[in-house]
Amino acid sequence: MTYLGEIALWIALPVAIWGMVLAYAGGRKGRGDLVLSGERSVYALTFLLLLASLGVIDAFLSDRFEYWYVANYSNRNLDTFFKVAGLWAGQRGSLLFWALLLAFFSSIAVWTNRKKNREFMPYVTGTLLAISSFFLIVLLFAEVNPFERLEFTPADGRGLNPQLQNYWMTIHPPTLYLGFTAFTVPFAFALSALLSGRLDSRWIVVTRRWTLMSWFFLSNGILFGMRWAYEELGWGGYWFWDPVENASLLPWLTATAFLHSIQIQENRGMLKVWNMGLVILTFLMTIFATFLTRSGLIESVHSFAQNKTISFIFLGFMGFVLAVGVILVLWRLPGLKSENQIESFLSRESAFLFNNLILLGAAFAVMWGTLFPLITEGLTGEKISVGPPFFNRVNVPIGLVLLALAGIGPVIAWRKASKRNLRKNFALPGSVGAGVAVGFLILGVRDWMAVATFAIGAFVLTIIAREFWKGTKARARIQGEGLGPALINLVGRNRRRWGGYIVHAAIVVIFMAFAGSAFNQTVRQTANPGDTIRIASPFGHAYTLRYEGISTTQRVGNTVWQAVALLSVSREGEALGGYTTEKRQYQAIDMVATEVGIHSTFFEDLYMILADVPDLGGAISNDPGSQRVTFEILIKPLVSWIWYGGLLLTVGTLIALWPPPPRRMSGAEVASGGRRLEKTAAPG
Amino acid sequence: MSGELPLLLAGGLLAAAVVLFILHPLVKGLEAPLEVDDDDPGKAELEHRRRVALGALRDAEYDFATGKLDETDYRRLRGELARDALALLEEEGAAEVPSGDGVGETEEAPGEIDSLEAEIARIRSGLREGTTCRACAHVNPAGSRFCGRCGAPLARADRAEVGAGEVEEG
């Protein structure tokens with residue numbers, strides 16, 4: 001199977017190049033047979049890459065350590081689950097996995113459009129296959145072939161980094177890759193629009209769902225990564241502005257901008273060049289993110305490999321895509337003229353535009369901070385990293401403006417908002433926001449970022465709640481429905497709008513969770529068995545943790561030793577049970593890892609870290625006199641709102657994505673001329 | 001090494017199957033359709049813009065119904081939107097009831113689309129008969145002399161010239 005997979009990978013490259021050439025040529029010459037052959041190449045490519053991926057998985061499952069990739073990312077006693085996930089555990093496999101996902105999405109795009117949007121499809125097929133060809137060239141010629149053999153067969157592999165042996169870490173990369181590769185489809189349609197000259201908003205309408213789906217995967221991929229960092233890295237944080245985290249954030253920021261600006265093009269025929277620019281930029285960011293993650297160019301907790309060839313190939317490809325994009329846009333510039341102009345600064349159009357500028361500003365700041373160490377190294381020979389303070393100082397104010405826009409955008413009038421309109425829509429939410437701010441100040445909160453986040457969050461949530469309430473009420477009145485059915489029909493009849501509002505609410509919830517970190521509490525204390533540690537929550541109550549003792553084991557599973565500290569936790573006298581936190585030394589890597597204990601509630605997490613074991617040797621040999629340890633106990637308010645916000649975001653996006661039921665066109669309805677405008681215009 | 005022969009054979013077969021699959025259309029002359037399915041991109045775009053224009057009118061209705069727009073703002077916005085929508089509806093080259101190609105990609109529920117299309121048909125027939133108000137796009141009962149919504153006179157005589165002027169604009 002592995003051997004067959006290797007052959008499949010070699011056949012895949014000529015198939016992709018063949019298909020690309022024929023699809024482009026077929027589009028240019030209007031030859032349907034060439035295009036069909038190109039489209040079949042997409043299906044064939046998917047099949048071949050599936051075989052290749054199964055080949056890698058088979059090598060993992062059957063412990064074929066003669067393969068460099070398997071020897072470096074697996075060993076005999078690795079769980080089967082992680083052996084399968086070995087496909088994307090390291091650079092080599094994940095590049096193949098990337099190519100497989102891209103081929104899979106390409107097949108879906110070609111199949112679903114086999115009877116419609118045909119004017120786009122030759123160039124879409126060609127572009128998708130060109131990108132696949134690029135990844136195949138990398139896989140086969142940049143010293144990253146997952147099927148590369150060692151000259152000898154080791155008795156066992158080096159094993160998978162234990163920190164990656166975590167559920168969230170297993171689903172985090174594939175989810176991000178789904179987001180990255182799904183965005184390739186809108187990009188291919190945009191290029192096709194430029195190549196074929198069909199520059200109206202059709203390409204946007206056709207790819208709207210793809211864009212939203214990509215955004216959905218990107219958002220969840222980022223959240224899964226945060227969850228992993230929170231559970232596994234053992235310092236209580238979920239985001240460290242690490243270069244690879246930033247790399248996944250960049251396409252998210254530009255894709256969010258794109259998702260909003262296409263609505264302006266659809267509704268007002270504006271921002272056509274801008275949208276082309278954004279779709280090209282976002283695609284470049286997805287490639288850039290893959291490149292950063294998988295080239296080890298910048299030091300990061302994720303860095304894996306140092307391979308110069310792959311860097312040059314990736315940079316060359318990005319330069320090529322950028323050049324092609326710019327040339328095509330310049331060539332088609334006359335056809336991309338705006339049909340309208342922004343009439344007023346106070347309008348929904350300008351709110352959208354402002355949202356775009358802010359998102360791009362954030363993307364630029366993140367990019368600059370990420371690349372800064374490289375730039376300084378190039379200029380001065382010294383690598384200077386910018387830390388979280390830089391990113392927070394720049395991005396928190398940007399984030400707050402963005403948050404406010406999440407409330408302003410949905411209710412400000414199109415074209416031109418009058419003063420009356422602003423008063424009518426913003427008086428109540430503004431007052432609620434101001435009230436929240438005053439409340440926090442009275443309570444003695446002086447962290448302005450937290451106060452601003454909660455105030456603006458309250459402002460946005462009031463707006464969204466009122467939208468839902470007014471819409472439901474109006475629909476119930478006009479259609480004579482009960483409030484429940486009215487709400488369901490309201491959302492059902494314009495899923496995109498109401499799904500979007502739910503996503504906005506989710507973003508507010510997630511931002512509030514971030515702001516909750518302003519109220520973090522930390523206690524660091526050294527304790528002997530029987531000692532208690534007390535920590536007060538900002539919500540008024542206190543936790544008492546009794547250190548019961550430490551127990552150690554040696555050579556269990558994949559560890560050299562494990563030292564597990566037990567804490568009995570109670571809250572205001574009410575026992576919550578025992579929690580453990582531990583230090584462990586894995587066989588695979590020379591590093592002591594920390595496992596934390598987390599007591600999670602809706603409003604706060606109690607996060608327990610075994611920070612230090614002063615007499616480690618004594619503790620490991622179970623010396624009763626060596627039980628003295630240091631704990632770091634954290635209270636992290638609202639942290640679980642990030643995950644709840646993620647769920648809400650998922651619900652909102654799924655509502656927006658959900659396909660409408662099959663269309664029923666009743667002849668009688670058309671003949672009768674439809675219902676009255678007032679009736680059909682019922683909210684929804 | 002002899003153990004690799006079957007694998008080599010399997011690889012060869014795989015390559016042959018792939019080549020056959022992708023060359024088949026060229027040998028047999030099979031073709032993928034290339035024609036634009038909505039036969040005229042310009043027409044499809046016009047259809048799209050009609051839908052968007054009507055959708056914007058509905059949004060205005062909705063904003064008024066839920067109190068987001070007050071009477072004055074609503075009238076002004078509706079006037080502007082109606083003018084744009086009527087200009088688009090009067091452009092030639094559209095079927096009475098749009099073909100609905102690509103409806104799968106629109107976000108509205110089917111009821112929404114059907115009624116939107118019916119709405120477009122109704123307003124267009126109103127334009128021909130002179131019952132569609134040019135100020136607010138309201139369709140009045142046959143024989144009306146004034147618009148039942150905004151009170152503007154329904155002047156049939158100026159239909160041609162207003163229409164012509166607005167076609168340019170749209």
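**Salt bridges and buried spots in a predicted model**

Arg208(A) pairs with Glu266(A) in a salt bridge, with 2.3 Å between the closest N and O atoms; a salt bridge here is a side-chain nitrogen of Lys or Arg within 4 Å of a carboxyl oxygen of Asp or Glu. Arg208(A) sits in helix H9 (residues 202-232) and Glu266(A) in helix H10 (residues 243-268) of chain A, so the pair ties together parts that are 58 residues apart in sequence. Helices are DSSP runs (H or I, at least four residues), and strands likewise (E, at least two), numbered from the N terminus.

This is a predicted model, where local features need pLDDT of at least 70, side-chain atom pairs count only at pLDDT 80 or more, and totals for chains, interfaces and linings use all residues. Residues are numbered from 1 along each chain as its sequence is written, chains are lettered from A and ligands numbered from 1 in the order in which they are written, and side-chain values use heavy atoms, with hydrogens and water left out.

**Around Glu266(A)**
- Arg208(A) is buried at 7% relative accessible area, where buried means under 20%, exposed over 50% and partly exposed in between (1.4 Å probe, protein chains only).
- Glu266(A) is buried too, at 9%.
- Glu266(A) also meets the side chain of Arg496(A) in a salt bridge, 3.0 Å from N to O.
- Arg496(A) belongs to helix H18 (residues 495-516) and Glu266(A) to H10, so this pair links parts of chain A that are 230 residues apart in sequence.
- Arg496(A) is partly exposed, at 23% relative accessibility.

**Other salt bridges**
- Over all chains, the structure holds 18 salt bridges.
- One of them joins Glu148(A) to Arg92(A), with the closest N and O atoms 2.9 Å apart.
- Glu148(A) is in the loop between H6 and helix H7 (167-182), while Arg92(A) is in helix H5 (residues 91-112), so the pair ties together parts of chain A 56 residues apart in sequence.
- Glu148(A) is partly exposed at 34%, whereas Arg92(A) is buried at 8%.

**Val124(A) and its neighbours**
- Val124(A) is found in helix H6 (residues 121-141) of chain A and is buried, at 0% relative accessible area.
- Leaving out residues up to four places away in sequence, Val124(A) touches Ala188(A), Phe189(A) and Ser192(A); contact means heavy atoms within 4.5 Å.
- Val124(A) and Leu195(A) are 71 residues apart in sequence, yet their C-alpha atoms are 9.7 Å apart.

**Cysteines**
- A search over all chains turns up zero disulfides, a disulfide being a pair of cysteine sulfur atoms within 2.5 Å.
- Cys133(B) is buried at 1% relative accessibility, and Cys147(B) is buried at 6%.
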